[in-house]
Amino acid sequence: QVQLVESGGGLVQAGGSLRLSCAASGTIGRVNSMGWYRQAPGQQRELVAMIGVDDRTNYVDSVLGRFTVSRDAVTNTVALQMNSLKPEDTAVYYCNLEVLRFTTRVKYWGQGTQVTVSS
């Protein structure tokens with residue numbers, strides 16, 4: 001059983017900053033990547049940022065230069081530092097953990113945390 005517990009999020013004015021954190025626990029096994037997705041009302045869930053076990057990162061274009069994803073491989077935590085927030089960043093943010101079970105990639109999700117950016 002794998003659990004992801006998120007913290008952070010909340011309400012912030014445009015131009016402000018927030019930091020999201022996520023801690024994974026349980027029988028995790030071989031981690032492939034950790035990251036963050038978001039889903040705004042009426043929209044599909046989209047990848048925001050991801051970091052692999054080699055520390056290579058991937059960001060959606062809309063957050064480049066504003067968001068930074070980082071991880072701690074020892075504690076299996078991932079963080080998302082969000083700066084220069086915009087109203088269009090408003091969404092529920094979900095922590096994601098991808099592990100390898102033999103040759104199968106398995107994704108685990110956090111419960112989601114609301115980020116609201118006011119104009």
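User: What makes the radius of gyration of the protein agree with that of a compact globule?

Analyst: The rule for a globule is 2.2 Å times the number of residues to the power 0.38, with the radius taken over C-alpha atoms. For 119 residues that comes out near 14 Å, and the protein has 14 Å, so the two agree. Along the principal axes, the C-alpha atoms fill a box of roughly 45 × 25 × 25 Å.

User: What sort of model is this, and how are residues numbered?

Analyst: It's a predicted model: local features need pLDDT of at least 70, side-chain atom pairs count only at pLDDT 80 or more, and totals for chains, interfaces and linings use all residues. Numbering starts from 1 along each chain as its sequence is written, and side-chain values use heavy atoms, leaving out hydrogens and water.

User: How many helices and strands are there, and how do you know what counts as one?

Analyst: Zero helices and 11 strands. Both are DSSP runs numbered from the N terminus: helices are H or I with at least four residues, strands are E with at least two.

User: Why is Cys95 called buried?

Analyst: Buried means under 20% relative accessible area, exposed is over 50%, and partly exposed is in between (1.4 Å probe, protein chains only). Cys95 has 0%, so it's buried. Cys95 sits in strand E9, residues 91-101. Beyond four places in sequence, its contacts (heavy atoms within 4.5 Å) include Cys22, Trp36 and Trp109.

User: And what makes Val117 buried or exposed?

Analyst: Val117 comes in at 6%, which puts it under the cut-off, so buried it is. Val117 belongs to strand E11, and among the residues it touches beyond four places in sequence are Val12, Leu85 and Pro87.

User: What share of the residues of the protein count as buried?

Analyst: That would be 41% of the 119 residues.

User: Which residues have the most contacts inside the largest nonpolar core, and what makes it a core?

Analyst: A nonpolar core is a set of buried Ala, Val, Leu, Ile, Met, Phe, Trp, Tyr and Cys residues joined through side-chain atoms within 4.5 Å. The largest one here has 30 residues, with Trp36, Leu80, Met82, Tyr93 and Leu97 having the most contacts inside it. Strand E9 gives the largest share of this core, five residues. In soluble globular proteins, nonpolar side chains tend to be buried together.

User: How much of the contact set joins residues at least 24 apart?

Analyst: Counting contacts between residues at least 6 apart in sequence, 55% join residues at least 24 apart.
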